[in-house]
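Open the model in your viewer and switch to cartoon view.

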Amino acid sequence: MMKKKIKLIAAVAVMQVVALTLTACAGEIKSLDVVGKESITTFDEVLKTVPEAVSADEMNGGWSLVAPDESVRFIWSEDYSQSPMHDVMLELDAQPFLDAGLDPKKLPDNYNVYETESGDGTMLMVGRKLGADELTYDGSVTPLAAYEQLVGKYRDAIGYHASLDHYGVKLGDGNMFEWAKDMSTNTFDKSNQDKDIVFVLNPEPLLAAGVDPEKVQGWKYAQVEVEEDGKPVQVWKFLKPFDLK
């Protein structure tokens with residue numbers, strides 16, 4: 001009986017050590033999440049640089065950052081239980097793509113084409129539903145606080161684009177919103193490429209829906225280096241970059 005008790009105590013002790021080790025490892029991994037932490041700091045810098053471009057978006061239940069030419073917006077939710085469609089998304093002027101042959105009926109379900117409320121334009125929206133979380137905040141619900149919730153709850157939606165030294169939000173199917181880690185250089189080799197923020201579209205669904213990429217006005221159709229399975233590869237994207245400083 002004594003031996004059984006000793007074995008039981010030893011087993012419990014081992015389990016406690018394992019639990020403490022796993023907890024410590026989890027804490028260490030969380031503390032080492034440089035991309036997540038720096039994405040918050042750098043996104044805050046973008047928000048502070050163009051405060052006039054940031055506003056509440058009641059229709060989509062969150063916040064938006066509009067491009068300097070007002071042709072496209074990045075929108076992120078402040079409460080995923082209230083998002084009507086997507087939690088992170090791009091809304092853009094659809095006319096350049098319509099003029100280039102887009103047939104909206106051929107787009108996948110995560111794309112939507114609709115008229116503006118004023119009836120003077122057509123918009124294209126593409127995005128991603130992350131979850132149905134009812135988010136709670138310690139203080140005020142600000143654009144940065146909503147982004148911090150995104151990082152905390154859906155870290156896999158945040159990426160780092162090494163070739164440009166950019167952080168970004170993955171909007172699903174290769175669509176992105178990116179911003180520079182350092183807007184004074186905004187690329188890995190410290191050369192200024194005038195890409196403080198970049199709106200990125202995956203061209204494949206658009207091309208499959210009839211778009212001629214060479215006829216799209218206002219967007220750059222170019223190859224971009226990305227990492228797949230640990231290896232750099234070149235992929236085609238529609239890009240709309242802006243220099244903010």
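Two strands pair if DSSP finds at least two bridges between them. Strands (E, at least two residues) and helices (H or I, at least four) are DSSP runs, numbered from the N terminus. This is a predicted model, in which local features need pLDDT of at least 70 and side-chain atom pairs count only at pLDDT 80 or more, while totals for chains, interfaces and linings use all residues. Residues are numbered from 1 along each chain as its sequence is written, and side-chain values use heavy atoms, leaving out hydrogens and water.

**Stop 1: the sheet.** Colour the six strands of the open sheet. Their order is S7-S8-S9-S10-S12-S11, and the pairing is antiparallel. Now select 158-161 and 220-228. These are the edge strands, S7 and S11, and each pairs on one side only. Neighbouring strands are turned by 35° against each other on average, direction ignored. (Axes are lines fitted to C-alpha atoms, for helices over the stretch in contact; angles run from 0 to 180 degrees between N-to-C directions.)

**Stop 2: S9 and S10.** Select 176-180 and 197-201. Four bridges pair S9 with S10 in the antiparallel sense. Click Trp179: its bridge partner in S10 is Ile197.

**Stop 3: S12 and its partners.** Select 231-242, which is S12. Five bridges pair S12 with S10, again antiparallel. Find Leu201, which stands opposite Phe238 in S12. How many bridges join S11 to S12? There are nine. Here Val224 stands opposite Val235 in S12. S11 and S12 form a hairpin with two residues between them. Zoom in on Asp229 in the turn: its phi is positive, about 55°.

Stop 4: Select 34-49. Next, select 143-153. This is H4, lying across S7, S8 and S9 and running at about 90° to S7.

**Stop 5: H2 against H4.** Show both helices. They pack at an angle of about 160°, with their axes 10 Å apart. That makes H2 roughly antiparallel to H4, a term for angles over 145 degrees. Show side chains. In H2, look for Gly36, Ser39, Ile40, Phe43, Asp44 and Leu47. They meet Pro143, Leu144, Tyr147, Glu148 and Val151 in H4.

Technical notes
Contact = heavy atoms within 4.5 Å. Parallel < 35°, antiparallel > 145°, perpendicular 65-115°, else oblique.
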